[in-house]
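Here are some exercises to work through with the model open in your viewer. Try each task before you read its solution.

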Amino acid sequence: MKRFAKIVCTIGPACRDRKTLAALIEAGMDTARLNFSHGTRAEHRAVYETLRRLSPELTILQDLAGPKIRVGEMRGGRARLRDGEIFVLTTREIEGDERGAHVAYPRLPREVDAGDDIYLSDGTIHLVVESISRTDVRCRVADGGILTSRKGLNIPGARVGGASLTEKDRGDLAFGLTLGVDAVALSFVRSAADVARARKIVDAHGSPAMLIAKIEKREALDRIEAIVDAADGIMVARGDLGVEIPPEDVPARQKGIVALARERAKPVIVATQMLESMVASERPTRAEASDVANAVLDGADALMLSAETATGQFPVKSASMMARIAARAEEYARASGVECRGAALAPAGGRGAGQLAEMASAGAVEMARSMRAHAIACLTHSGRTARFVARHRYPAPVVALTNNPAVIRQMGLLWGAIAIPVSRLERTDEIFAAAREKLRAAGIGGRVVLTAGIPLGEKSQTNTVHLVYI
């Protein structure tokens, strides 16, 4: 395996045809993101079905819109806002242009004051409120730019937009769970309670889907440990987060969130503008390449492309470029010895069987290091042992041997993970022969550290570490 960090590609108009989706998979897409802030359910269903036919084991992530405030449709799809000009945000139904745009949030005029800063399009456009009427917020453009239809609006520090799980989200979530999505990203999470509310819906549908909490609100930073504990994974959503807090604070916050998620054995995605210039250019800037590489060196499980693949001119080249940058960063880490070491990690917080599984996983990694193993294989039903192993970032594949289809389809978000389906084993003496056979068939050989639970059938008990040679 030449690359351990996983790649998430957002699917949109630029790439949702079968040929381009197949090319994205070939280029290195491990997870496909369906962004429910845009598109219709019929469009998302068509993409989902095409992806399942192309790659049944691909991870499919549903990203809910959340209570984000957005501008409406712009005439011709876009308008240029110029520095110093007046721009009106209005609750009236109008078609947007360079003078103003509709905002689908009736309370906006009541929740801002003269002098407030408003940011559009992930903070690339800066407005300052000058006056307010019953329906209109009259602003002066401080920093202009191109505003396209349905772009988001942020007011730093303000609690606007309502509950983190809107009625639209509830309907979309039920739709996605019925389709069979493997993971769900929750937008604008403010507390662990937001995750718990979504969890009730997922459980009611009998779905094994992972819940990924997007960290993009100041309140989430204040409650980050509880949110990480409540969620199955984390996304560092730097677009809105970079508007909520000063841009100079984002890199340090990113590193802290990645470290915490990894400590708790929760997959973590770094997202937004990673290769933004490739929306319109065949090559990224040097700064973007460094950004991707540093996210890899921070220990992120996955890196995400947004507009680069959804609406950009070069979706496949963007995915291929991200894969190459990530692989080269990992090559540098191995050669220089700067890869993340498991010894620096605190316990993930397991108790009882969970604590035993964590200790066995740490033992497996230490054995792999001392024996220079070529892979670490886990016999796992829930995927937990694979997560415990992956958090140590030992530079070799983490092979999840599992009879659980849901776990197989969730490995596209876990660092270094490869899933291999196995039949349910009834006898302990079947473990090693079956593992060897499956690993050999997958092209994995040499020294392999194998973790399992003995006796078989007790899914929560990972308690055994063996070294096998294939």
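**Exercise 1. Work out which residues of H11 are buried and what they pack against.**

Step 1: list the buried positions, where buried means under 20% relative accessible area, exposed over 50% and partly exposed in between (1.4 Å probe, protein chains only). In H11 they are Pro315, Ser318, Ala319, Met321, Met322, Ala323, Ile325, Ala326, Ala327, Ala329, Glu330 and Ala333. A quick word on ground rules: this is a predicted model, where local features need pLDDT of at least 70, side-chain atom pairs count only at pLDDT 80 or more, and totals for chains, interfaces and linings use all residues. Residues are numbered from 1 along each chain as its sequence is written, and side-chain values use heavy atoms, with hydrogens and water left out.

Step 2: look at the span. H11 covers residues 315–336, and its 22 residues reach 32 Å from first C-alpha to last, close to the 32 Å expected at 1.5 Å a residue. That expected span is 1.5 Å times one less than the number of residues. Helices (H or I, at least four residues) and strands (E, at least two) are DSSP runs, numbered from the N terminus.

Step 3: find the neighbours, taking contact as heavy atoms within 4.5 Å. The buried residues of H11 pack against strand E1 (6–11), helix H1 (18–27), helix H9 (286–298), strand E17 (302–305) and helix H10 (307–310).

Step 4: check what comes next. Just after H11 sits Gly337, with a positive phi of about 75 degrees.

**Exercise 2. Decide why the buried residues of H1 line one face of the helix.**

Step 1: pick out the buried set, namely Thr20, Leu21, Leu24 and Ala27.

Step 2: look down the axis. These buried residues of H1 fall within an arc of 120 degrees, so they line one face; the arc is that of the directions from the helix axis to the C-beta atoms.

Step 3: turn to the other side of H1, where Lys19 and Glu26 are exposed.

Step 4: see what does the covering. E1, helix H2 (41–54), H10 and H11 are among the elements over the buried residues of H1. H1 is then followed by Gly28, whose phi is positive, near 130 degrees.

**Exercise 3. Find which strands pair with E17, and which residues stand opposite Leu303.**

Step 1: start with E17 itself. Both of its faces are covered, with Ala302 and Met304 buried on one side and Leu303 and Leu305 buried on the other.

Step 2: count bridges, remembering that two strands pair if DSSP finds at least two bridges between them. E1 and E17 run parallel, joined by 4 bridges. Strand E16 (268–271) also runs parallel to E17, with 2 bridges.

Step 3: read off the partners. Ile7 has Leu303 as its bridge partner in E17, and Val270 stands opposite Leu303 too.

**Exercise 4. Is Lys68 buried or exposed, and which side chain does Lys68 make a polar contact with?**

Step 1: locate Lys68 in the loop between strand E3 (59–63) and E4.

Step 2: check accessibility. With a relative accessible area of 17%, Lys68 counts as buried.

Step 3: look for the polar partner. The side chains of Lys68 and Asp240 are joined by a polar contact of 2.5 Å (a pair of N or O atoms within 3.5 Å; within protein, one must be able to donate a hydrogen and the other to accept it, and residues adjacent in sequence count only if both atoms are side-chain atoms).

Step 4: widen the view. Leaving out residues up to four places away in sequence, Lys68 touches Gly152, Leu153, Asn154, Phe188 and Asp240.

**Exercise 5. Classify the ring pair of Phe4 and Trp415.**

Step 1: set the rules. Rings of Phe, Tyr and Trp (its six-membered ring) pair if their centres lie within 6.5 Å; planes under 30 degrees apart count as stacked, over 60 as edge-to-face and the rest as tilted.

Step 2: apply them. The structure holds 2 aromatic pairs. For Phe4 and Trp415, the centres are 4.9 Å apart and the planes at 20 degrees, so this pair is stacked.

Step 3: Phe4 lies in the segment before E1 and Trp415 in the loop between helix H14 (405–408) and strand E20 (417–421), 411 residues apart.

Step 4: Phe4 is buried at 3% relative accessible area, and Trp415 is buried at 7%.
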